[in-house]
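Let's walk through this model together, one question at a time. Have the coordinates open as you read.

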Amino acid sequence: MNSSHDQLVYDIGNKRYINLGKHCTLKCTFCPKTQGNWDLHEYNLSLHQQPKAQDIIALIGDPKEFEEIVFCGYSEPTLRLKELLLVAQAIKDQGGRVRLNTDGLANLVHQRNVLPELAQCVDALSISMNAHTEEIYNKHCQPGLPKAFDAMLEFIELATKTIDDVTATAIDGLEGVDIAICQQMAEQRGAKFRRRVLDIVG
Ligand code: SF4
């Protein structure tokens, strides 16, 4: 099978999703990908190679036909920042709405504040908080970089000053995670909060 068979975009409900890459900064224990399973609904999101921005743009269609176009797959979209910005800008240019699902570690990875660049072409951010303490975060998310938990919290706070629609998320049902405290921490930083349910992706 060659890359032309890769599932670069996929639809769930009235949203179109973009599968931008192969790699993550985290290795979440609760993620199907960590267990070697790249399936999501009826789609298989494993990629043979990293897609080019133009290949994705060609598949988006009319973004106004969808409630929003969401960057979300079994990878961290901000690891491919250049492609992410190109695709998101193309969607905005065609009048679409863009949401980015992210681990909130882009500033740690890129060693600079990338939020002003994202704000040019991203309408909404969903940031995976996943835990209310560093210890529990590290246990479930297994970050490859040190200080990831603090960097994620700082990213949430900075994001709310840059982008209007910012939601932090955590998964109800993960051992040791206190959803009420996660919500409090999100709201203290000016973000909305969404409780996710274990084993339901999207
Ligand atoms: S960041 Fe997302 S895709 Fe990556 S391992 Fe964690 S849950 Fe899976």
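Q: Which residues does Phe71 touch, not counting residues up to four places away in sequence?
A: A note on the source first: this is a predicted model, where local features need pLDDT of at least 70, side-chain atom pairs count only at pLDDT 80 or more, and totals for chains, interfaces and linings use all residues. Residues are numbered from 1 along each chain as its sequence is written, and side-chain values use heavy atoms, with hydrogens and water left out. Taking contact as heavy atoms within 4.5 Å, Phe71 touches Ile18, Leu20, Pro77, Leu84, Val87, Ala88, Ile91, Val98, Arg99, Leu100 and Asn101.

Q: Why is the pair of Tyr10 and Tyr43 tilted?
A: The structure has 4 aromatic pairs, meaning rings of Phe, Tyr and Trp (its six-membered ring) with centres within 6.5 Å; planes under 30 degrees apart count as stacked, over 60 as edge-to-face and the rest as tilted. Tyr10 in strand S1 and Tyr43 in strand S4 are 33 residues apart. Their ring centres lie 5.3 Å apart, and the pair is tilted because the planes are at 50°.

Q: Is Tyr74 buried or exposed?
A: Tyr74 is one of the residues that surround the ligand, which means that one of its heavy atoms lies within 4 Å of it. The rings of Tyr74 and Trp38 have their centres 6.3 Å apart and their planes at 85°, so this pair is edge-to-face. With a relative accessible area of 5%, Tyr74 is buried.

Q: What distance separates the end C-alpha atoms of H2?
A: The buried residues of H2 include Leu84, Val87, Ala88 and Ile91, and its buried residues pack against elements including S5 and strand S6. The expected span is 1.5 Å times one less than the number of residues. For the 13 residues of H2 that gives 18 Å, which agrees with the distance between the end C-alpha atoms, 18 Å.

Terms used. Helix = DSSP H or I, 4+ residues; strand = E, 2+ residues; numbered from the N terminus. Buried < 20%, exposed > 50% of the residue type's maximum accessible area, 1.4 Å probe, protein only.
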